[in-house]
Amino acid sequence: MQMENFAPIMFAGLVVVMLIGFPVAFSLSALGLACGFFAIEMGWFPAVFMSNLPLNIFGILSNELLLAIPFFTFMGAILEKCGLAEDMLDSMGQLFGPVRGGLGYSVIIVGFILGAITGTVAGQVIAMALISLPVMMRYGYNMRYATGVLAASGTITQLVPPSLVLIVMADQLGRSVGDMYKGAWGPSILQVLIFAGYTFALGLIKPDHVPGLPKEARTLNGWALWGKCLRGIIPSAILIFAVLGSMGGLPGIDHAIATPTEAGAMGVVGAIILAAIHKRLSMALMWEAMVGTMRLTAMVVFILIGARVFSMVFQGVDGAKWVEHMLSGLPGGQVGFLIVVNIFIFFLAFFLDFFEIAFIILPLLGPVADKMGIDLIWFGVLLCVNMQTSFMHPPFGFALFYLRGIADTLWKEKRIDRPVKSNDIYLGSIPWVAMQLLLVAIVIFVPQTVTVFLDKEEVIDLDKVQIEIPVNEDDPMQKEEGASEPEGAASEPAADAGDAPAAAEDDATKAMEEALKAGSKN
């Protein structure tokens, strides 16, 4: 067997072990080690090549950027439990409720705001479904619309900064987290507008699917209602600006005063303060948040170690060259490459978690995109938009599983008057997945949706660069040189410039003749 043929076999093995269902971190490690020993036996690289593995793993564990993951996870875990989602959904629901689709608008807006401060899909879907699903069913909302908007609004979290996915993307692509966050704001806002536009259109076409709430359903009015809305929005906005602004992750902020890790630590402090304001801070809440953070962080680290074992061996058998030759030869240039990659990621997301895709697949695609001249911030945000769908595709979407579990809980507790069918959950998700794919297409063909908020690179025209040497008037040498030059000396060299080559040629001829005479005398 030739080494050139082994890379495709390794990639096929990767797909197989991921479909088996065994934990991906251990499957990847086992596959990478087995392929590495086989490559050594075949003489494709020396045994000392595998000695780089401990250094690679130590490099992962000493990566300060990845330390931001437990901080942002801990911040999100605290905010999930502090009652912020419940208060905002209640106030926003009453504010928009009388409008057609008002509850849908409130879920979309609250999903966007919570996404900017929590960063976790599971908690967001669960919290919004517990509060909003019974209200939507009580006032006659279409079941498929209700389940779809709840699941889709929860997945906005993956795209809205400070998303954990964007931190991982920045690390794997070697780009600034702040720039990745700035690039994600455009698609995030566009996603909210698309969802709201669909709700508005549905209210015009099928008003019975998204009816307005009767006025008597309101328990608050006037300034009391606005005050409750602002009590949820203002502290959230302060936390968003403090965390993202300090690391340069907001449009218009060019300089960062904190690293992502430091910003995450500041976010944890802010989350604890918000929990105290809502009178939900307790040791039980802190312990539950710490346990959840520990589990997620351990999972990320083990997946990353397994991916590094596989990728190191894959690079050793020239797998990167095989991927580059296969993808760079696609028709359509950059657009063709992006379309094929996004189709591949879309179907891969049926079976893999977004962390697994980011750690396993992205290191293979990133170098190819870079060589093709694709902006890696644009590329990373585009894949993040695509990976939103991993929570939504039937039948494996995690957001749908969370919604299924919450619907069963609500039915058992008699908080809803009829059970929610799985058929309604899965079919209700399809229009929202289509809208997410529409956003993928928009970002591919209109890259300005990502780059509009990025800092503009300064372009320097080398032809117009002038170097000026200042004259020191106190230097006696420069004074003597200036005094020895007669008036009009600056113009004389320019006038005699044409005679200089001829004078040099005469001097050289005379020197040669003298040398010949001296030689003849000897």
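Start with helices α3 and α13: α3 passes α13 in a right-handed crossing. A crossing is right-handed if the near helix is turned clockwise from the far one by less than a right angle, and left-handed if anticlockwise. Select residues 52-61 for α3 and 283-316 for α13; the two pack at an angle of about 145°, with their axes 10 Å apart. Here, helices (H or I, at least four residues) are DSSP runs numbered from the N terminus, and axes are lines fitted to C-alpha atoms over the stretch in contact, with angles from 0 to 180 degrees between N-to-C directions.

A quick word on what's on your screen: this is a predicted model, where local features need pLDDT of at least 70 and side-chain atom pairs count only at pLDDT 80 or more, while totals for chains, interfaces and linings use all residues. Residues are numbered from 1 along each chain as its sequence is written, and side-chain values use heavy atoms, with hydrogens and water left out.

On α3, pick Asn52, Leu53, Asn56, Ile57, Ile60 and Leu61; on α13, pick Val301, Leu304, Ile305, Arg308, Val309 and Met312.

Next stop, aromatic rings. The whole structure has 15 aromatic pairs. Rings of Phe, Tyr and Trp (its six-membered ring) pair if their centres lie within 6.5 Å; planes under 30 degrees apart are stacked, over 60 edge-to-face, and the rest tilted. Select Phe38 and Trp44: their centres are 5.8 Å apart and their planes at 75°, so this pair is edge-to-face. Trp44 is buried at 17% relative accessible area, while Phe38 is partly exposed at 34%. (Buried means under 20%, exposed over 50%, partly exposed in between, using a 1.4 Å probe and protein chains only.)

Move on to Phe45 and Phe49, with centres 4.5 Å apart and planes at 40°, so they count as tilted. Phe45 is buried at 7%, and Phe49 is partly exposed at 22%.

For a whole group of rings, select Tyr141, Tyr145, Phe195, Tyr198 and Trp432, which form one aromatic cluster.

Last, jump to Lys414, in the loop between α19 (398-412) and α20 (422-445). What does its charged end sit over? The ring of Trp411, 4.8 Å from the centre. (That takes NZ of Lys or CZ of Arg within 6 Å of the ring centre and within 35 degrees of the ring normal.) Lys414 is exposed, at 63% relative accessibility, and its phi is positive, near 60°.

Conventions:
Contact = heavy atoms within 4.5 Å.
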